[in-house]
Amino acid sequence: MKKILILILLISFSTLVKSQVTLDYYLPENITYNSSIPPPKQFFGHEIGEWHLSHDKLYSYMLELAEVSERAVWEEYAKSYEGRPLGQLIISSPENIKNIEQLRQEHLILCDPSRSGKSDVDKMPVFIKLGYGIHGNESSAQNASALVAYYLIAGEGKEIDELLKNSVILIDPSLNPDGMQRHSTWVNFTKSLNNNPDPASWEFSETWPGGRTNHYWFDLNRDYLMLQHPESKGRVAAFHKWKPNINTDHHETGANETFFFQPGIKSRNNPLTPQENYELTAEIGKYHEKYLNSVGSLYFTEESFDDFYIGKGSSYPDIHGSIGILFEQAGVKGHLRETPGGLLSFPFAIRNQFKVSLSTLEAGLNMKDKLLESQRNFYKEAITLADKNHVRAYLFSEPSDNARVSEFISILLQHRIKVFGTTRDITKDGVLYKTGSSYIVPLKQTEYRFIRSLFEPVKEFTDSAFYDVSTWVLPMSFNLNYSGLTLTKETDGLAGSEIISPPSIAGELVSPEDPYAFLFEWSEYYSPKALFLLQKTGLQTRVSMESFVYDDGVVKKSFSAGTIVIPATGQTISGKELRSLMEKTAKECGITVYGVRTGLTTEGIDLGSNRIIALTKPSVAMVTGEGANSPDAGEIWHLLDTRFNVPVTMITAQRLSAADLRRYNVLIITGSPDISPVGLDNIRAWNRSGGILIGYETGNRWLLRNKFADMEFIEETGDGKEDGVYMYRAADRQVQQIPGSIFETHLDLTHPLCFGYTRDILPVFKSTSTAVKKVTDIYSNPVQYTEDPLLSGYCSVKNISRIKGTSFASVHENRVISFYDNTNFRAVWYGTNKVFLNAIFFGQVLR
Ligand SMILES: [Zn+2]
């Protein structure tokens, strides 16, 4: 009996100590460590894996290692929204570190086909980037980075010397500092001294929205292509600065999984990525196999995850001559956790991440020449492939909106794509591309493959399942005019001077000294920013419901519906102050403001018409917290806060019963918040007295369920199969999903939700299979899917016919507005942002 008790005690004790390991648990045997380099415990005050490192601790350790060692330097490349530094610890032999700039320059020549022929790869080091924890709550990744850095900097002996002599290693310890800080705070704050592995424990229920995302709740591992956040802008700049040959991306997956390393699903590899990339990934995989075998960890490859969407950490490198590798370790999301496969400890997860970091380095060293050669060939091949491609160049323009064109060009330039102005006017696909406001991107350049992925619509796929979106045609998300040029006679001599920085979006005031009123068009991207700025200062502002032509001899222009009118009289500030405010606003927002002399127009309504309606400043609240959809809510918050300076009151479902909603005139619902009956009554009373309720994506089901609006969803009817094979059940379901595709909608340009658009066709992004019938009031379906709506991406024939002719946005009775799909997707859908902003600014004028 006594023996059994001792045994039980021993087992329980071993359960506890499992999460309190020493450095030996992680590090390879038979290696000595330089005692002048502080090991993690000495620096942090605890062993790796005992507590979760916060970002500031991890960052300080990297700085310390760079400070005390001749093998390393720290390079900062960005600051997060919350001001946390992002950077990489550059590690190599002391000799290489002294010459690091020269080594970098020589390495970059490999990516330049005009110079790469003479490089001797045999004499060059391989460049390896190890990237950890872009999802902030996948902590085994970031915590492992401290161990890898210590091992490389303190480790002694022939093996490490050989590695450092032949490689330059870039350790990016935390790819999402703000998310990491949030998550580490959570798991440390809920940790007990006696680790409790019960999965029901509070420790494993991180609060909304969790630490996966960045400050505005964006998944940074989708932003490598869109570059809308400081973290990714800096990281992609650092990628091009160093062009690593291998680029790892360390993640965590569900607690009940094992360990995944790439290659992923072969049929879903992006066809623009060379086949060789997949093979090299598999060859590197043999090293992960060896290292994970050495500690007996279970793992799998090829049956999950894919590199189709090229805006992720493991796929962006693949289309840039590098080998991107995704790792997915079963996530503890705490310190010790029961799983069907036994106890999963935080140190165990960290050790696996550490092991595959070392296996990557060994693979890099052994495959050095092959990897460098592959990089050189990748860029050489780009030029020859471009010669065979039927499209020679892409042309684009958007004369009515400088800001969108400028941001679009900024993204291209950050990806090292060459853009040129045009030398002559050209008409293509019925659009006149005027010189001065049109641009051309020739395919024959080193980023040939990447350019195709950004510009080319795709509707045919070898596999109907996707880990992420199925398309990302960038000019469509910006709603630009764009065309592919296929004939040499069209492209010959068309490229003028190279655009080396995005065109400036300088605004101006065109006005007499003492104007009667000021006008500006709504078509400019930042017009809402200007309007809000003016409203904030207390100005009387109006919107024109119709177009008109104005000609006072100086200003001669046709103004569209949606034009903002600011009368000079009736304001609380003097004419002189008003004029200087208008000038400041025009410059700050990059728009053109016109001062006009009189109220009579030459065509259409006059400036005193009652079709020019007075506006009230929007005061926006959005239901946030548990129940709300965090990506949708984050995109809305980011849009209003960072681009338009419009404050959003983020209010929890619980507070809505007691909140004084009269403070707001717009309330946005995403997801399915759990609002009490009292809260619902509060919203109903507010809505009846004039408040505008916006249902966004899944928020519309909530509106319907709570009887705020009537809408008819067209439910899916299955794939029509009468019998199924069990093994294919998941694949059969995926056939009917819309993983993220681009569709065409038609706009009613006279409707206030469509003010500011100059063309009645608008590409939109759709990532759910929702379809909703048009509302019965035929004047209230301003944005509808066309009859042949698929522009790019995957969608089953059955779904296309279900979606065609349905509503993208509709207006219900009682000032309720529905957006059934996303207008702000990943912050890069500049083209559809305005429909959403119109609901906020002009929802009040809907009758
Ligand atoms: Zn992840």
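Reader: Does N479 count as buried or exposed?

Author: A residue is called buried when its relative accessible area is under 20%, exposed when the area is over 50%, and partly exposed in between, with a 1.4 Å probe and protein chains only. N479 has a relative accessibility of 8%, so N479 counts as buried. Please keep in mind that this is a predicted model, in which local features need pLDDT of at least 70 and side-chain atom pairs count only at pLDDT 80 or more, while totals for chains, interfaces and linings use all residues. Residues are numbered from 1 along each chain as its sequence is written, and side-chain values use heavy atoms, without hydrogens and water.

Reader: What is the phi of N479, and where does N479 lie?

Author: Helices (H or I, at least four residues) and strands (E, at least two) are DSSP runs numbered from the N terminus, and N479 lies in the loop between helix 16 (474-477) and strand 17 (481-485). Its phi is positive, about 50 degrees, although N479 is not a glycine. D429 is also a residue other than glycine with a positive phi, near 50 degrees, and D429 sits in the loop between strand 14 (426-428) and strand 15 (431-433). D429, however, is exposed, with a relative accessible area of 60%.

Reader: Which strands pair with strand 35?

Author: Two strands pair if DSSP finds at least two bridges between them. Strand 34 (residues 783-792) pairs with strand 35 in the antiparallel sense over 2 bridges, and in one of the bridges Q784 has S807 of strand 35 as its partner. Strand 35 is also joined by 4 bridges to strand 36 (residues 816-819), again antiparallel, where V811 is bridged to I817 of strand 36. The hairpin of strand 35 and strand 36 has 3 residues between the strands, and there N814 takes a positive phi near 60 degrees. Strand 35 (residues 807-812) is mostly covered, with 6 of its 6 residues buried.

Reader: Which residues coordinate the zinc ion?

Author: Donors are N, O and S atoms within 2.8 Å of the metal (3.2 Å for Na, K and Ca), and because water is not among the atoms, sites may look incomplete. The zinc ion is coordinated by H135 through ND1, by E138 through two OE entries and by H251 through ND1, at 2.0 to 2.6 Å. In sequence these donor residues follow the spacing H-x2-E-x112-H. E138, in the loop between strand 4 (126-132) and helix 6 (139-154), and H251, in strand 7 (residues 246-253), are 113 residues apart, and the pair links distant parts of the chain. Both E138 and H251 are buried.

Reader: How should I read the angles at the site of the zinc ion?

Author: Four donors count as tetrahedral if all angles lie between 85 and 135 degrees; four count as square planar and six as octahedral if opposite donors are over 155 degrees apart and all others between 65 and 115; anything else is irregular. The 4 donor atoms of the zinc ion make angles of 55 to 153 degrees, and its site is irregular.
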